[in-house]
Amino acid sequence: MAFADEYKETAGEAIPIDREAFVDQYPHDAFIVRLNLAVAFGALGVGGLFGLIQALHRTGIYRGFVSSADYYTLLTGHGVLLALVFTTFFITGIFSWAVVASLDEKLSERLSKLWFGTMFVGTLLAGFAIVGGLTGGPVSADVLFTFYAPMAASPIFYLGAALLIVGSWVAGVDWFLAYRRWRAEHPDERIPLRTFMVLSTMLMWYISTLGVAIEVVVFLLPWSLGLIPAVDPLLTRTLFWYFGHPVVYFWLMPAYLVWYTILPKLSGGRLFSDPLARVVFILFVILSTPVGFHHQYVDPGIAEGFKFIAMTNTMFLLLPSLLTAFTVVASMEHGARQRGGTGRLGWLRALPWDNPAFSGCALAGLMFAAGGFSGMINAGMNINYLIHNTLWVPGHFHLTVGTAAALTFMAITYWLLPQVTGKNLKLKTVAMVQPFTWFVGMTLMSNAMHRAGLAGVPRRTAEPQYANVEFENVIGGIAEMRLQIAIGGTILFIALLMFLAVVVATWFGERSAKLEVNSELPKPLSGPEHSPVVLDDLRIWALIAIVLVAIAYGPPLWSMVADGLFAPGSPPIPV
């Protein structure tokens, strides 16, 4: 099948214009990618609806959808469906594409069906338990996204969460096996950048998910089944946050993969530096996990010194993000200048802002910069006390996961979906407007959330009361912030519907004789030959990461279990 010439290389690296589509070259792998995208977008639609209802309910604009008690069921569903299900399935989809396309190596059909099936069954079980909370029956899971003791969910929820994570582990095995087959035939070559990024991310994921796996399988599941009478709430909380912050990088590193490898092409140019990209992913492998105690600054039972270590490690994590900002912006500038852009900032006008895949990724990166600054506030021990458990925290979360990751995933779908379906994008005008609509909605909502957090407005509350409290010393008033959150949430839901409309129209459209996009990526300006070979030895970096985790977590975990694995104990508290 011939393609239209999407990319005009200008730096002497010839790119063939006639090639088969990804779906034609790798039909089974494209099928697996489509399955993952279908589940991801289904979760995105339902979770987004829950989010709209939450925004209208807690702001008091309209409380007729659910009771305030059921608000927490929707809050749990919103968090789990968007932060775990949507992200995990999208990531396994795009990672499968990235490995296959960059290695020219097919995945194992049997193994890929196994890990997708495991994740899908886990999602159905967890979703069934969450929705069960609306029926008033014995099955419920109103434990929020942060599921640790003493609040207890149905065992069905914990089993589903465990299967979702185990399935993602098996997916990683599938990708590592594909890499091993490729390595046997290419013993002296550097790991292709996309595969390097996938394998690095999975190493971080394996290390960081050990905590939540132990929490669920060893403690929460037998606890909810009545097999053990009590668990230590601080221990389960610590095991959750051991995973709870690195999971953010499991969402962001795929976005970085897009920004490093695809965004330069969409800009019209080439990646500025392959070596810098590899350094960034290695830094994430070794620094992402020993940081979780910064979510527990106000928890007793953890020595201040270990909280300080977590704060220091978190601040070090700014380095890979700053390197990314430099490299990605430099790549975009190179592309803009290839397109005729000039001047110190005038080159920005030459970028393809009418291409939704580009504009969505660029806007996501821009908003991630703001999320990084609010993240520095969260990481600081003293300043964290001011905003802990306030609306500031979800405001930050919506900038990072809700925009940097989610908007990037939606935007790159406009580029990826034609390649795995063989159909050109439909409703292009809607697609072109959608990233800007999301950006406006998120600007309004997250801005108001951050300001409300500074004013002390709590998070996780169905009906926050302000009758006897005035916040005159804060810019604007509570009523204005609540209205802004409601308007922002509504605009975000409209943007979500626009995205799903484009996806559905494309998915069920006619197969195209020629595609307007292709998977080929231009070579970087500075290639892997300019970086040390040791960067590709992932075993070394995994070992360093494990040593850092042992230093950061070993002594405090020992102090928690020294008086007994289940002591001080708490019985399950159903919600």
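Which residues does Thr76 touch, not counting residues up to four places away in sequence? Thr76 touches Ile130, Ala141, Asp142, Val143 and Leu144, where contact means heavy atoms within 4.5 Å. This is a predicted model, in which local features need pLDDT of at least 70 and side-chain atom pairs count only at pLDDT 80 or more, while totals for chains, interfaces and linings use all residues. Residues are numbered from 1 along each chain as its sequence is written, and side-chain values use heavy atoms, with hydrogens and water left out.

**Single residues**

- Thr76 is placed in helix 3 (residues 71–103); helices (H or I, at least four residues) and strands (E, at least two) are DSSP runs, numbered from the N terminus.
- With a relative accessible area of 0%, Thr76 is buried; buried means under 20% relative accessible area, exposed over 50%, and partly exposed in between (1.4 Å probe, protein chains only).
- His28 has its place in helix 2 (residues 27–58) and counts as buried at 13% relative accessibility.
- Leaving aside neighbours within four places in sequence, His28 contacts Ser108, Glu109, Ser112 and Lys113.
- The C-alpha atoms of His28 and Thr123 are 22 Å apart in space, and the two residues are 95 residues apart in sequence.

**Helix 15 with helix 17**

- Two packed helices are described by the angle between their axes and the distance between the axes.
- The axes of helix 15 (residues 392–421) and helix 17 (residues 478–507) cross at roughly 10 degrees and come within 11 Å; axes are lines fitted to C-alpha atoms, for helices over the stretch in contact, and angles run from 0 to 180 degrees between N-to-C directions.
- Helix 15 and helix 17 are therefore roughly parallel to each other; angles under 35 degrees count as roughly parallel, over 145 as roughly antiparallel, 65 to 115 as roughly perpendicular and the rest as oblique.
- From helix 15, Met410, Thr413, Tyr414 and Leu417 meet Phe499, Val502, Val503, Thr506 and Trp507 of helix 17.
- The residues of this contact divide into 7 nonpolar, 2 polar and no charged; Ala, Val, Leu, Ile, Met, Phe, Trp, Tyr, Cys and Pro count as nonpolar, Asp, Glu, Lys and Arg as charged, and the others, Gly among them, as polar.
- Leu417, in helix 15, is buried with a relative accessible area of 1%.
- Apart from neighbours within four places in sequence, Leu417 is in contact with Leu37, Gly422, Val503, Thr506 and Trp507.
- Leu417 and Thr443 lie 26 residues apart along the chain, with their C-alpha atoms separated by 27 Å.

**Helix 6 with helix 8**

- Helix 6 (residues 193–224) and helix 8 (residues 246–261) have axes that come within 10 Å and cross at roughly 175 degrees.
- The two helices, helix 6 and helix 8, are therefore roughly antiparallel to each other.
- The residues of the contact of helix 6 with helix 8 divide into 13 nonpolar, 4 polar and 1 charged.

**Aromatic rings**

- The structure holds 41 aromatic pairs; rings of Phe, Tyr and Trp (its six-membered ring) pair if their centres lie within 6.5 Å, and planes under 30 degrees apart count as stacked, over 60 as edge-to-face and the rest as tilted.
- Phe86 and Phe90 form a tilted pair, at 6.4 Å centre to centre and 45 degrees between the planes.
- Both Phe86 and Phe90 lie in helix 3, 4 residues apart, about one turn of the helix.
- Phe86 is buried with a relative accessible area of 2%, and Phe90 counts as buried at 0% relative accessibility.
- Phe145 and Phe240 have ring centres 6.0 Å apart and planes at 80 degrees, so the pair is edge-to-face.
- Phe145 lies in the loop between helix 4 (109–132) and strand 1 (151–152) and Phe240 in helix 7 (residues 233–244), so the pair ties together parts that are 95 residues apart in sequence.
- Phe145 and Phe240 are both buried.
- One aromatic cluster includes Phe145, Phe240, Trp205, Phe250 and Phe397.
- Arg278 lies over the face of Phe196, at 5.0 Å from the ring centre; a charge sits over a ring if NZ of Lys or CZ of Arg is within 6 Å of the ring centre and within 35 degrees of the ring normal.
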